[in-house]
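Look at the sheet and the aromatic rings in the structure below.

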Amino acid sequence: MHTGLTEPNSLLAIADMFAEKYDGLYTSVPYDSVEMAVIVRNITDGIDGYSSDCIITVSDVAEAVSGLKTAKHDGYAGLSTDYVIYACDELFVHIALLFSAMLVHGIVFDDLTTSSIIPIPKGKNMNCTESCNYRGIALSSIFGKLIDRIILSRYADKLITSQHQFGFKKSHSTTMCTMVLKETINYYTVNKGHVFCTFLDATKAFDRVKYCKLFKCLIDRKLPCVVLRLLYKLYTNHFTRVIWNGVQSSWFKVVNGVKQGGVLSPVLFCVYIDGLLSAVSAAKVGCSIGTMFTGILAYADDIALLAPTAYAMRRMLSICESYAADFCVSFNASKSKCVICTSRRKPSETEYLRGSQFTINGNVTEFVQSWPHLGHIITSNMDDASDIDRCRTN
């Protein structure tokens, strides 16, 4: 449809349209300024002069640089990871001094608090005229990626999450998570039992992280206060914009969600959701293999609940609802599905079990015969034929 706008104006209108959409998303669960002021005061009071946590060494920077991917741009200052990767060692000295000064004085510069969002179509056959079919990919500071990697390397022991979380951990994978899920189901169905398997959909989970809750989680894990102060400055001063075909929208502030494009972001989200995994595990009403509880399995925001009875599943969903309400996680009942896995010796049992009904926030979840889980297909009879066919055709 002809709009009467010149091409630059049309591109700007599209960029602004996406900016309005993301502006609404990143202000959807704003933090309480009074509550945050108390958190900041506690962080500041915990800073006890100059400590080893303030010292970033050249080897810290060199190790972080070694983990960067080539030809990645920041979307703001015109820098590329190549400039750092192929730089002389003297640059690492200056970066180490800069990061150390930031930790000592609690000051960040604009390059670290800005990002640029590039809308990318979610799939090949999507309707490209609908904004909901685009995924926002953020380009962020190269220096921010280095800081994230240094924090991850130094304080990995304080960012450890539940054994039920498989996301963004060394020696863990999506395949491992699905394997545990399948083994749990087989453990019950081989013995003529059944399993209710509910796959929860958390709408925009990474983007709805509430900062007060996140920083309380990090304080509880005893992350050094100088690091918490730096993260606070990076998050609460974050501004972003949309770039569409080279045309830039106006800047807008981000007040919720882990930083798009940040190396540390997925780990922080796993820390944020870890309380849910612990709460469900503590209830011990889901499936277990021997003495090992396997009733909840997660890969970041992909969460699966496994229960041997309808009562157990309702109890687990109730715990999820309570945690979601407290942490501003939005579980979508219409996109969440339940697969009833039964023994092949008792195929008629499925219809009887379908008489059970599960709800999320008062909305009924749908029973399905099969559903994808982290790239694999889980079926009610645990037949891998459809999964094998999918792999053969891809």
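Buried means under 20% relative accessible area, exposed over 50% and partly exposed in between (1.4 Å probe, protein chains only). Phe 269 is therefore buried, at 1% relative accessibility. Phe 206 is partly exposed, at 21%. Ile 107 counts as exposed, at 53%.

This is a predicted model: local features need pLDDT of at least 70, side-chain atom pairs count only at pLDDT 80 or more, and totals for chains, interfaces and linings use all residues. Residues are numbered from 1 along each chain as its sequence is written, and side-chain values use heavy atoms, without hydrogens and water.

Now the rings. Rings of Phe, Tyr and Trp (its six-membered ring) pair if their centres lie within 6.5 Å; planes under 30 degrees apart count as stacked, over 60 as edge-to-face and the rest as tilted. The count comes to 17 aromatic pairs. Phe 18 and Trp 244 are stacked, 5.4 Å centre to centre with 25° between the planes. Phe 18 lies in helix H1 and Trp 244 in strand S4, so the pair ties together parts 226 residues apart in sequence. Helices (H or I, at least four residues) and strands (E, at least two) are DSSP runs, numbered from the N terminus. Both Phe 18 and Trp 244 are buried. Phe 206 and Phe 269 are also stacked, because their centres are 4.3 Å apart and their planes at 15°.

Last, the sheet. Two strands pair if DSSP finds at least two bridges between them. An open sheet of 5 strands runs S9-S10-S3-S11-S14, with mixed pairing. S9 and S14 stand at the edges, each with a single partner strand, so one side of each lacks a neighbour in the sheet. S3 and S11 run antiparallel, joined by 6 bridges.
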